[in-house]
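Trainee: Please take one part of this structure and go through it closely. I would like the ligand site, with the domains around it.

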Amino acid sequence: MLILRCPYCGVDADETELAPGGEAHIKRSGPGSTDEEFETYLFAKVNPKGVHFERWRHSHGCGKWFHVARCTETLEVFGSYRAQTLKPPKAIIDKIAGRRPGWAGGRN
Amino acid sequence: MAIQFNRYSAMSLAREALRGHAGWKEAWRSPEPATSYDIVVVGAGGHGLATAYHLAKNYGIRNVAILEKGWLGGGNTGRNTTIIRSNYLQDDSAAIYEKSRLLYESLSQELNFNVMFSPRGVMMLAQTHHEVRGYIRTANANLNQGIRTEFISADKVKRLCPIISIDGPRYPVLGALWQPRGGTARHDAVAWGYARACSEMGLHIIEQCRVTAVNSSGGRVTGVETTRGPIGCSKLAVVVAGHSGELAEMAGFRLPIESVALQALVSEPVKPCLDVVVMANTVHGYISQSDKGELVIGGGADGFNNYTQRGSFQHVEETVRALVETFPIISRLRMLRQWGGIVDMTGDRSPIISKTPVENLFVNCGWGTGGFKAIPGSGWAMAELVANGEPGNLAAPFGLDRFREGRFIDESVAAGVAH
Ligand SMILES: Cc1cc2nc3c(=O)[nH]c(=O)nc-3n(C[C@H](O)[C@H](O)[C@H](O)COP(=O)(O)OP(=O)(O)OC[C@H]3O[C@@H](n4cnc5c(N)ncnc54)[C@H](O)[C@@H]3O)c2cc1C
Ligand SMILES: [Zn+2]
């Protein structure tokens, strides 16, 4: 079972207390965007076998959305951070780079 | 001809019985990979094997290799709960799933391999008023599609399946969508049967051969790199279920797919007590009894991206809890095994059988939690697409372009999880 730390209330919550919300840091396409941009925004998934940045909600706790960096192949969790960021914080990137030396560094 | 010699029959069984079963041949050959093929299929699950089979059978294309990173049938094909049905809501789905179900009816004869297709009947329980309305709608749609299904009363549910508790504590059974010719088949046998037939027609099945890169030149596919060396091809068919995103990345595009774990479990064997397949979608429980007597149980999928073929304990708990409500008789059964498979989920819960941005590279994926039932029909439709370079009627609605065009084939309205 996954255990993730909610960056708002600091609780180590297990999977049943949380709701997964899919890929994080997706750039929203607005009016004037091309069909291709909309398709990418709405449907195209990175879906990596490896490091994944994703959204979770502390649904049975404080109710807030947050971000998690996690490995989909091993279920290793690199850390969680607040939702109000456009990209993963440096501390998380450094941690992943340390744990995954060959990591290409977030195609996001 | 070798095909005749290797035929399984009552005669060959008797002959082998008399000589201590010493004469059975391996069911498929394991050749060394050639330097190139007309067509390379990646993934020796049911869909990849059926694609290769129909390329040879329907189009006479035999210079074909099927590459498999592990062992044949070791992916979702060998991990599923084997429910076969075609009672889908949308016409496009009904067409391909019913084609598939019809092919299953005669698959053992076609492949000369007993796939143990057992059309014992599938019932999808309606346990909320919303489901009652939904299933009546589906039964009406199926009537128009020429698929025999029926909305049956709770009384009839109880008659067909006496161990069910109709009054259930949380969700009483209000009726069911009943498909009398739905059922199950032996999953391994489906993979093995296709593999044997492919091998007999001279196709190369190459196991322990992982594709690590896709080569292309001028936007057109030229071959693959593998753990057993480079292999060239004129056309490439990628049929790798949960690993489709990985292969797409190698080829330089993205798919509208996310990979998640779906799990199943089986109980200790007990005497026959359940001779239909029961699906309870509201509480996420799916159950049938195998010929060995085990109850085969499928549950809900994880909601997060996952490539570990494990599953998690709370889903087991959730599933078993739901089933005990509906089948109190099983409350003291012990569970024997549990496992997971990585399923490829699309947004509209419908598959993708499509051309891609790379010329001569085709994908067949997105079957998610419900593609075992589709293996024969999907292989048929995929072979047509790969052989002709254009989809036929069955595959045409399932192109990747539907996401850009907003032309979804929405099956998630019909059942949240669709085994
Ligand atoms: C627990 C569970 C229960 C299910 N229950 C049902 C059910 O009741 N009814 C139903 O209809 N469906 C069910 N399904 C879904 C069904 O199992 C799948 O949709 C179907 O088996 C997919 O078949 P496939 O051939 O596409 O994939 P797979 O059988 O997974 O085959 C893909 C193959 O590709 C190989 N591969 C991957 N990457 C590479 C690479 N780089 N190089 C070479 N080879 C590679 C894999 O090793 C694998 O063998 C269930 C699935 C699961 C997991
Ligand atoms: Zn919180």
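Mentor: Start with the domains. Taken over C-alpha atoms, the centres of domain 1 and domain 2 of chain B are 28 Å apart. Domain 1 of chain B covers 35–82 + 187–256 + 348–415, and domain 2 covers 117–183 + 259–346. These bounds come from an automatic or database domain assignment. Their contact takes 22 residues from domain 1 of chain B and 20 residues from domain 2 of chain B. Contact means heavy atoms within 4.5 Å.

A word on the basis. This is a predicted model, in which local features need pLDDT of at least 70, side-chain atom pairs count only at pLDDT 80 or more, and totals for chains, interfaces and linings use all residues. Residues are numbered from 1 along each chain as its sequence is written, chains are lettered from A and ligands numbered from 1 in the order in which they are written, and side-chain values use heavy atoms, with hydrogens and water left out.

Now the ligand. 37 residues surround ligand 1. Each has a heavy atom within 4 Å of the molecule. The closest are Glu68(B), Asn76(B), Thr77(B), Thr81(B) and Lys373(B).

Both domains take part: domain 1 and domain 2 of chain B each give the shell at least three residues. Look at the elements next. Helix H3 (46–59), strand E12 (257–267) and strand E16 (335–346) of chain B each supply at least two shell residues. E12(B) gives the largest share, three residues. Helices (H or I, at least four residues) and strands (E, at least two) are DSSP runs, numbered from the N terminus.

By type, the shell around ligand 1 holds 14 nonpolar, 18 polar and five charged residues. Ala, Val, Leu, Ile, Met, Phe, Trp, Tyr, Cys and Pro count as nonpolar; Asp, Glu, Lys and Arg count as charged; the others, Gly among them, count as polar.

Next, the backbone. A polar backbone atom of Ile83(B) sits 2.9 Å from an oxygen atom of ligand 1. For Gly368(B), a backbone N or O atom is 3.4 Å from a ligand 1 oxygen atom. For Thr369(B), a backbone N or O atom is 3.1 Å from a nitrogen atom of ligand 1. The cut-off for such a polar contact is a pair of N or O atoms within 3.5 Å.

On its own, ligand 1 has 1000 Å² of accessible area, and the protein covers 98% of that. Accessible areas come from the Shrake-Rupley method with a 1.4 Å probe.

Terms used:
A polar contact is a pair of N or O atoms within 3.5 Å; within protein, one must be able to donate a hydrogen and the other to accept it, and residues adjacent in sequence count only if both atoms are side-chain atoms.
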